[in-house]
Amino acid sequence: MKISVVIPVYNEEKHITSCLEALQNNTRKADEILLADGGSEDRTRELAARFPEVTILDNPKRAAAAGRNVGIRRATGSVIAFTDGDCIVRENWLEEIEAAFRKYRPDGIGGKIEPADPENQYEEFWNTLAWKVLMSFGDEAYQVKNRTMNDAFVTANCAYTRKLLYRLKGFNLWFGNNAEDVDLSWRALEAGAKLWYVPSVEIQAHGVTTPEGIRNKSFRNGVSSSKIQKKYGSFVNYDVNIYKLLLQHLKGIVRDEADAGINLMEVTCHLLGKYYGSLKNGVINV
């Protein structure tokens with residue numbers, strides 16, 4: 001089995017060395033590592049070039065979905081594994097990917113994501129929200145059969161057969177940097193693909209480290225939820241729980257509760273993203 005690893009990057013000088021060192025030191029070596037750079041303006045390319053096993057590709061469209069498609073077109077492996085430039089794969093990541101494909105004979109697998117050691121309180125907040133609250137990762141392997149958000153494979157840690165990726169025509173560029181991975185796994189299920197969640201395929205992920213980063217990510221997640229609704233849902237979607245959270249965090253501000261301010265900011269930006277996404281995509285997602 002030949003495994004290609006595809007990593008889309010843009011201005012990842014802070015983490016790219018750790019990311020590539022983890023791959024370099026894996027118990028099972030990658031057959032090729034393809035780094036799709038979206039025009040980084042920092043030292044990402046310079047640092048990546050220090051790893052002779054890494055092939056650096058240009059991603060003129062910059063977005064992560066486009067970068068992954070650049071990598072898919074260049075990859076020669078029968079299996080294409082994906083991670084991100086701010087992630088650290090476990091030392092046996094590729095070994096476990098290969099074992100999973102041999103054991104389950106799937107068309108694609110998704111693995112477990114754990115938060116990396118946080119740089120500050122903002123990264124700790126975001127990683128807890130992303131990987132412990134919004135998503136959850138169990139300790140038992142199972143076949144994914146339902147089109148749910150929690151079962152969708154995150155491209156920070158997944159792998160598909162090259163055959164399936166070509167059949168699906170890669171990632172949908174309309175989603176850009178958000179929810180393109182959800183869309184791909186859902187399209188795979190619609191196409192009759194056999195997908196497995198395998199927790200032994202594990203990585204650690206870094207997150208945003210500033211209030212601005214939280215605002216931007218939350219807003220984009222809100223926009224992408226409207227895109228998912230446009231493609232897969234009904235014309236109108238009303239989520240009462242997010243307004244309960246908004247009220248809860250407003251009360252927390254009054255009571256001077258810890259993290260109430262950052263929680264309120266995150267929910268507010270997510271809602272604004274949903275409203276903006278509704279206008280852009282012709283749905284009502286509130």
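User: In which sense do S4 and strand S8 pair?

Analyst: This is a predicted model. Strand S8 covers residues 158-161. It is joined to S4 over 4 bridges. The sense of the pairing is antiparallel.

User: How many bridges join strand S1 to S4?

Analyst: Strand S1 spans residues 3-9 and runs parallel to S4. Within this pairing, Val6 stands opposite Phe82. The number of bridges between S1 and S4 is 4.

User: Are the residues Val79, Ala81, Ile80 and Phe82 of strand S4 buried or exposed?

Analyst: In a regular strand, side chains alternate between the two faces of the sheet. In S4, Val79 and Ala81 point one way, and Ile80 and Phe82 point the other way. Whichever way they point, all are buried.

User: Are H5 and H8 roughly parallel or roughly antiparallel to each other?

Analyst: The axes of H5 and H8 are 9 Å apart, and the helices pack at an angle of about 20°. Angles under 35 degrees count as roughly parallel. H5 and H8 are therefore roughly parallel.

User: Which residues in H8 do Tyr122, Phe125 and Trp126 in H5 meet?

Analyst: By class, this contact of H5 with H8 has 5 nonpolar, 2 polar and 1 charged residues. On the H8 side, the residues are Pro211, Ile214, Lys217, Ser218 and Asn221.

User: How are H5 and H10 oriented to each other?

Analyst: Helix H5 covers residues 121-134 and helix H10 residues 260-281. Their axes come within 12 Å and cross at roughly 55°. The crossing is right-handed. H5 and H10 are therefore oblique.

User: Which residues of H10 make the contact with H5?

Analyst: H5 contributes Tyr122, Phe125, Trp126 and Leu129. By class, the contact has 5 nonpolar, 1 polar and 1 charged residues. From H10 come Ile262, Asn263 and Glu266.

User: Does Ser225 count as buried, partly exposed or exposed, and what is its relative accessibility?

Analyst: Ser225 is found in helix H8, residues 211-232. Buried means under 20% and exposed means over 50%. Ser225 therefore counts as partly exposed, at 23%.

User: How far apart in space are Ser225 and Lys274?

Analyst: Leaving out residues up to four places away in sequence, Ser225 touches Lys274 and Asn285. Ser225 and Lys274 are 49 residues apart in sequence. In space, C-alpha to C-alpha, they are apart by 6.7 Å.

Notes:
Residues are numbered from 1 along each chain as its sequence is written. This is a predicted model: local features need pLDDT of at least 70, side-chain atom pairs count only at pLDDT 80 or more; totals for chains, interfaces and linings use all residues. Side-chain values use heavy atoms; hydrogens and water are left out. Axes are lines fitted to C-alpha atoms, for helices over the stretch in contact, and angles run from 0 to 180 degrees between N-to-C directions. Helices (H or I, at least four residues) and strands (E, at least two) are DSSP runs, numbered from the N terminus. Angles under 35 degrees count as roughly parallel, over 145 as roughly antiparallel, 65 to 115 as roughly perpendicular and the rest as oblique. A crossing is left-handed if the near helix is turned anticlockwise from the far one by less than a right angle, and right-handed if clockwise. Contact means heavy atoms within 4.5 Å. Ala, Val, Leu, Ile, Met, Phe, Trp, Tyr, Cys and Pro count as nonpolar, Asp, Glu, Lys and Arg as charged, and the others, Gly among them, as polar. Buried means under 20% relative accessible area, exposed over 50%, partly exposed in between (1.4 Å probe, protein chains only). Two strands pair if DSSP finds at least two bridges between them.
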